[in-house]
Amino acid sequence: MITLHKKRFQELTIGELYELLRIRAEVFVVEQNCVYQDLDGDDQAAIHLWLTEGDKVVALARVCPAGTHMTEVSIGRVITTERGRGFGKQIMQAAIDAAQEYFGASTIDIEAQEYAKGFYEGVGFKQSSESFMLDGIPHIKMTWKKDPASGNVQQVFDELFETFKTKGYTAEDFEGGCALCGEANEFALDIIFDKVGEAFPCIEKFEQNSMTSKLYRLLFERFEKEENL
């Protein structure tokens with residue numbers, strides 16, 4: 001089972017902080033053979049996200065508010081320790097959601113290693129600068145902009161939450177928190193997909209699938225949060 005963790009710096013335990021920093025050093029400093037200052041003073045204001053499978057961290061990222069790491073809200077320190085399993089896309093989507101949830105982001109910037117351009121395009125980013133060198137590695141700035149139509153997503157989410165709550169659903173009915181993990185409640189997915197199609201009839205089917213998966217995960221988080229109150 002894949003679990004998403006999302007915390008402010010002050011909420012991290014010593015063990016969690018150590019593990020996140022250990023993985024960052026292992027990948028960005030040792031694996032990439034790049035001597036640079038990873039502890040840059042931006043972690044304290046950031047939202048830290050990571051995915052675990054059992055006790056193992058399989059992906060991580062951080063979201064920095066505007067005016068800290070970059071002028072706009074930004075996502076960085078993106079790592080997957082288990083490649084080829086879709087965890088990179090999952091952690092990026094969670095980071096985009098967190099950027100909107102915590103910082104009200106309508107624009108998000110990243111400093112992407114140039115070779116990863118295609119990956120970030122796959123989650124909605126577009127190149128917004130020429131290539132430049134950063135810590136000896138070619139990078140490009142990439143930017144994500146919120147779709148104006150997505151302003152209705154919150155309304156759709158609220159309506160879905162009330163529908164499932166009235167039907168007696170709990171977090172257990174959305175076990176796994178992600179429609180991509182192979183443990184999805186097919187009946188719930190059908191309800192969400194139909195609602196998305198009704199609310200956004202003009203978007204492509206793959207976008208409807210993506211939004212359905214996102215709403216499924218958010219419903220799991222909302223039910224879990226309410227049950228822990």
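Modeller: Happy to. This is a predicted model, and the count of salt bridges in it comes to 23.

Colleague: Nice. Let's take R83: which residue does R83 form a salt bridge with?

Modeller: R83 pairs with E31, and the closest N and O atoms are 3.2 Å apart. R83 sits in the loop between β4 and α2, while E31 belongs to helix α1 (residues 14-31), so the pair ties together parts that are 52 residues apart in sequence.

Colleague: And R83 itself, buried or exposed?

Modeller: R83 counts as exposed, because its relative accessibility is 54% and the cut-off for exposed is over 50%.

Colleague: OK, what about R62, which partner does R62 have in a salt bridge?

Modeller: That would be D43, with the closest N and O atoms 2.8 Å apart. This pair also links distant parts of the chain: R62 is in strand β3 and D43 is in the loop between α1 and β2, 19 residues apart.

Colleague: How accessible are the two of them, R62 and D43?

Modeller: R62 is buried, with a relative accessible area of 1%. D43 counts as buried too, at 5% relative accessibility.

Colleague: Which residues are linked with R62 and D43 in a network of salt bridges?

Modeller: The network links R24, D38, D40 and R77 with D43 and R62.

Colleague: What about N33, what is its phi?

Modeller: N33 has a positive phi of about 50 degrees, and it is not a glycine either. N33 is in the loop between α1 and β2. With a relative accessible area of 71%, N33 is exposed.

Colleague: Back to pairs. Where do E198 and K195 lie?

Modeller: Both are in helix α5 (residues 186-199), three residues apart, which is about one turn of the helix. E198 counts as exposed, at 60% relative accessibility.

Colleague: Changing topic: in the largest nonpolar core, which residues touch the most other members?

Modeller: That core has 30 residues, and L49, V63, I75, I108, Y120 and F125 touch the most other members. At least two residues each come from β2 (47-53), β3 (56-64), β4 (73-80), α2 (87-103), β5 (107-113) and β8 (137-145).

Colleague: Which of these gives the most to the core?

Modeller: Helix α2 does, with eight residues.

Colleague: And out on the surface, which residues gather in a patch of negative charge?

Modeller: E172, E175, E224 and E227 gather there. Of these, E224 is in helix α6 (residues 205-227), and at 36% relative accessibility E224 counts as partly exposed.

Colleague: Great, thanks for the tour!

How values were computed: Residues numbered from 1 in each chain as written. Predicted model: local features only at pLDDT ≥ 70, side-chain atom pairs only at ≥ 80, totals over all residues. Heavy atoms only, no water. Patch = residues over 30% accessible without salt bridge, like charges linked within 9 Å, V, L, I, M, F, W, Y side chains within 5 Å. Areas by Shrake-Rupley, 256 points an atom, 1.4 Å probe, with all protein chains shown as cover. Salt bridge = Lys/Arg side-chain N within 4 Å of Asp/Glu carboxyl O. Lys, Arg positive; Asp, Glu negative; His and termini not counted. Charge placed at Lys NZ, Arg CZ, Asp CG, Glu CD. Helix = DSSP H or I, 4+ residues; strand = E, 2+ residues; numbered from the N terminus. Buried < 20%, exposed > 50% of the residue type's maximum accessible area, 1.4 Å probe, protein only. Core = buried A, V, L, I, M, F, W, Y, C linked by side-chain atoms within 4.5 Å.
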